[in-house]
Each structure stands twice: as C-alpha cells, then as structure tokens.
Amino acid sequence: MAAPVAPGRVLPTLNEDGTRRWIRPKWSDGRWATRRRVVAYALLALYLAIPHVYLSGKPTILLDLPRREFTFFGVTFLPTDTLLLMLLALSAVIAVFLATALLGRVWCGWGCPQTVYMEFVFRPIERFFESGVRGSTKIDAEGGRLHWRRWAKHAVYLVIASFLAHTFLAYFVTWDAVSHWVFGAPAAHPVGFAITTIVTAAVFLDFAYFREQVCLVACPYGRWQSALLDNDSMIVSYDANRGEPRGKGKDRSGKGSCVDCAACVTTCPTGIDIRNGLQMECIHCTQCIDACDHVMDTIGEPRGLIRYSSRHLLSGDRTHWLRPRTVLYPLAFLLFFGTFVYQLSARDAADVTVLGTASGAPFAMQNATQVSNSVRVRVANRTALTHPYTVRLIDADDATLIAPMNGMRVDPGHTETMPFFILAPTSSFRHGTREIALSVTDGAGFTTRLTYRLRGPVRDDDDDHGAER
Ligand code: SF4
Ligand code: SF4
C-alpha cells in the first residue's frame with residue numbers, strides 16, 4: 001500500500017510523503033555574509049582557543065563534572081556557589097531575551113555553535129565536494145550516497161567532527177586529559193576512549209545528517225520567539241507592500257519589486273520562504289537579504305526588499321525602541337548581574353569544608369582512654385595566590401590534632417584535601433559524640449571557624465553524666 005501523502009508541505013524539511021527533504025542552500029555573498037563571516041571566524045577561533053588559554057592556572061572555561069567545579073574566566077564556582085551560578089545563568093537568559101526583543105534570533109544566526117560550525121565549516125566543505133564541478137542534484141543522479149565525492153566529504157567531516165568533539169570534551173576534562181586519552185592505548189583509557197568515540201559520532205551525525213533539524217525540532221528557542229518578539233523588534237523581514245504582487249517577466253507594470261526568482265528560498269538554510277512572514281524556522285541568518293539585494297542590483301531596483309525591519313516599520317508606523325520589555329529586561333539584567341558581581345566580590349577567600357573519614361570505621365580506639373577520629377578538610381583557594389592552609393583545634397586542650405600535611409599549599413582556583421586525626425579522651429564523649437571547633441587559616445588574613453562532631457564509643461555511664469549536668 002502506498003504511503004499517505006500530505007496535502008501540502010507540513011515542515012520545510014519534509015516532503016509531502018514524509019521523507020526527508022534535504023536542504024542544500026546556495027551561498028549568497030554580500031554585505032551581511034561578510035559581517036557574519038568575520039563574526040563566525042572570530043567565534044571559531046575563540047571556541048577552539050578557550051581550552052588552551054589558562055587564567056590563574058586553569059582553563060578559561062572548565063566544567064569539571066567529577067570535581068563538581070565550574071571555572072569561568074579565572075573564577076571557580078563550587079557546589080556551594082549555587083546562588084551565584086543561578087544569578088549568572090539568569091543574567092545570561094535575560095540578556096538573550098533582550099537581544100531577541102531588539103534584534104530577533106540574532107544569537108541563532110550569528111553566535112550559536114550549531115550555525116557557526118554548520119555554515120562556516122561543514123557547509124563550505126560540502127559545497128567544495130558536491131557543488132564545485134557538478135551540482136549536488138547531479139551527484140544524486142549519479143549514484144547519490146555512493147558517489148565518491150560524498151564519501152570524500154564524509155571522510156573530511158569525520159576528521160573535523162573528531163577534532164571538534166575532542167575540543168568540546170576539553171571544556172569538561174581539560175585538553176591535557178583529552179591528549180592523554182588520544183595518545184594512550186584505548187585499553188589503558190577505556191572510559192575516555194568510549195567518551196571521545198561517542199561524542200565524535202554525535203558531532204558527525206549532527207552535521208552530516210541532523211543539521212537544521214537541531215534548530216527546527218530539538219532546540220526550544222525557536223518556539224519562544226513568538227513570546228519574546230513584538231511588533232517593534234527588528235527582524236529579517238520581507239517588505240510585502242513593496243514586493244507584491246510578485247511576478248516574473250520583464251514587463252513590470254502592475255507588479256511589485258519581487259520577481260519571484262526564489263533566490264531567497266534557495267539560499268535559506270532552513271528551507272523556508274521569508275515572503276510568508278515571520279516563521280518559527282527562521283534563524284535570522286540574513287542570507288536571504290544578500291540574495292535578494294543581489295537580485296535588486298541586477299534588475300536596477302533599490303536594495304532592501306528583504307531587510308532588517310520591524311512589523312510597525314513595514315506597516316508605515318515607526319519603531320518604538322523604548323517599550324516595557326526593553327526597559328524591564330535591562331533593569332532585571334542589572335539587578336541579577338549586579339547582585340552576582342556583589343556576591344562574587346563578597347565571597348570568602350577560600351571555601352573550606354570539613355569531612356569525615358573517606359572509608360572505614362567512623363572512629364578507632366587508640367587505647368583504653370583515647371579515641372581517634374579520621375577527619376579531612378577540603379580547601380578551595382579562591383584567591384589569585386598560592387597559600388599554605390593550616391588547621392588547628394580551638395578550645396580543646398584535652399584533644400590532640402595530628403596533621404602530617406598541615407600547612408598544605410593550595411594553588412589559585414584549585415581544591416585540595418588535607419587528612420588528619422583528632423585524638424580525644426574517651427571520657428569526653430557523651431552518647432557517642434563530641435563537638436569540636438576547628439580553625440583554618442591561610443597565613444594571609446583568611447581565617448574560618450568550623451565545627452565538627454567527633455564519633456566515639458557509647459559509655460555505660462553516659463546517662464549518669466547527663467543527669468549530673
Ligand atoms: S529573492 Fe527577492 S526578488 Fe527573488 S523571490 Fe525572493 S524576495 Fe522576490
Ligand atoms: S528566512 Fe532568511 S534569515 Fe530566515 S533562516 Fe531563511 S535565509 Fe535565514
């Protein structure tokens with residue numbers, strides 16, 4: 001039985017019979033393409049450089065999942081910095097909201113790694129292999145997937161996908177760790193080998209097959225835009241007043257400026273027709289502006305039939321830059337980002353946590369009268385200098401601290417853990433516990449006081465002592 005056929009195209013990337021409609025957009029050179037190229041190559045350099053650029057001894061951006069640390073331009077956030085991270089994330093979200101309210105999906109078209117890699121790395125390679133001498137349709141007719149040009153393209157894709165995947169992983173485990181995985185035998189690093197292989201395959205499949213589906217299906221941002229845009233947002237728009245009625249042919253009498261050449265459609269990386277108005281699929285890449293400007297130049301009409309404009313401007317009104325959302329978003333941004341900066345500057349010079357024993361019994365009897373507790377202090381140095389951290393007991397003359405690593409040096413932005421023992425008389429425990437106070441200092445003005453509950457034996461006379469007290 002034949003597959004049912006839709007009465008029209010449901011998605012720009014699907015044919016009526018439900019099969020994938022492959023989009024191979026024509027590149028359109030022009031003013032906007034030049035600007036985007038400059039931005040894209042600058043961003044590419046940035047994406048690739050970040051794992052190699054160190055600030056205060058750490059990569060510029062590192063999302064260290066095993067250690068649960070996030071380093072961002074020399075500042076390290078720990079699990080205890082949830083509020084700070086939340087403020088930073090909210091500030092970023094509001095900045096994107098503001099950019100969208102002003103300029104539409106400018107992030108999608110200009111800054112998103114999916115677009116930058118697709119349009120400025122993978123697509124040029126595809127054009128080199130498939131459209132340089134013969135058009136891609138001819139390749140399809142001459143063997144399609146089996147054509148050597150397509151195999152060659154995929155081979156180059158795989159190499160680049162592998163490089164990008166390793167760079168991506170370096171954001172999580174550092175470039176040194178990735179190099180270690182790459183140059184070591186897979187058997188010596190099975191987890192690292194598996195991760196790099198899986199991420200390489202994911203990057204390859206994304207750019208070789210999934211492509212614009214990421215923007216149309218997977219990413220939720222396109223669906224938000226109708227809520228984030230208003231009639232004053234400057235978006236890539238077709239001027240229907242000027243363009244319609246569209247029509248082909250040299251005789252332009254009674255016709256608008258649009259010659260219905262479809263250059264704006266064949267250049268669109270998401271396969272839509274901008275003349276149908278604002279659509280969820282439009283990523284504001286501006287390629288249709290350049291394509292149409294070129295057509296207008298050819299027919300001697302002024303440029304700008306497709307241009308950055310607002311719906312108010314297109315209907316003859318003026319654009320209002322000052323409106324509730326363009327006032328409230330910056331205010332909210334200032335509030336969240338200002339609080340973030342204040343909280344960041346008010347953070348202690350170190351984050352210190354006292355922990356119990358890593359394994360084994362909670363305490364050990366040293367002899368009949370002394371109890372030993374294995375304790376650890378974890379210190380995260382938030383300053384820009386290396387400091388020696390010292391731990392000591394406060395107001396506990398009967399207890400002894402044995403710390404072979406006391407004076408532990410911690411580099412800027414790093415976290416180290418110091419193990420030590422505390423000996424205390426059995427008689428000082430009540431109901432199996434005793435609270436003690438510790439101080440940790442860095443020798444440069446930072447001191448913090450922590451309490452810790454030691455564990456010990458429950459004695460027969462605990463209740464008697466409790467009654468005496
Ligand atoms: S490129 Fe311009 S002239 Fe050609 S179809 Fe699109 S809007 Fe019309
Ligand atoms: S409609 Fe124009 S701006 Fe929107 S995605 Fe297509 S080519 Fe880019």
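In helix α1, the residues Trp 32, Ala 33 and Arg 36 are buried, a term that applies when 20 or more other C-beta atoms, placed from the backbone, lie within 10 Å of a residue's own, with exposed standing for 12 or fewer and partly exposed for what falls in between. These three cover an arc of only 85 degrees around the axis, which puts them on the same side of α1, the arc being that of the directions from the helix axis to the C-beta atoms. This is a predicted model, in which local features need pLDDT of at least 70 and side-chain atom pairs count only at pLDDT 80 or more, while totals for chains, interfaces and linings use all residues. Residues are numbered from 1 along each chain as its sequence is written, and chains are lettered from A and ligands numbered from 1 in the order in which they are written.

Helices (H or I, at least four residues) and strands (E, at least two) are DSSP runs numbered from the N terminus. Helix α1 has 19 residues and reaches 27 Å from its first C-alpha to its last, close to the 27 Å expected at 1.5 Å a residue, where the expected span is 1.5 Å times one less than the number of residues. On the other side of α1, exposed residues include Arg 31, Thr 34, Tyr 41 and Leu 46, whereas the cover over its buried residues includes α3 (106-111) and α13; contact here requires C-beta atoms, placed from the backbone, within 7 Å. Arg 37 is also found in α1, and with 13 C-beta neighbours inside 10 Å it counts as partly exposed.

Of the 15 residues around ligand 1, Cys 258, Cys 261, Ala 263, Cys 264 and Cys 292 come nearest, a residue being near if its C-beta atom, placed from the backbone, lies within 6 Å. The largest share of this shell, three residues, comes from α13, and by class the shell has twelve nonpolar, one polar and two charged residues, with Ala, Val, Leu, Ile, Met, Phe, Trp, Tyr, Cys and Pro counted as nonpolar, Asp, Glu, Lys and Arg as charged, and the others, Gly among them, as polar. Around ligand 2 there are 14 residues, with Cys 268, Ile 274, Cys 282, Cys 285 and Cys 288 nearest, and that shell divides into nine nonpolar, five polar and no charged.

Helix α8 (residues 190-210) has 21 residues and reaches 28 Å from its first C-alpha to its last, close to the 30 Å expected. Its buried residues are Thr 196, Thr 200, Val 203, Phe 204 and Phe 207, and they cover an arc of only 95 degrees around the axis, which puts them on the same side of α8. What covers them includes α4 (113-130), α6 (148-173) and α7 (175-183).

Terms used. Two residues are in contact if their C-beta atoms, placed from the backbone, lie within 7 Å.
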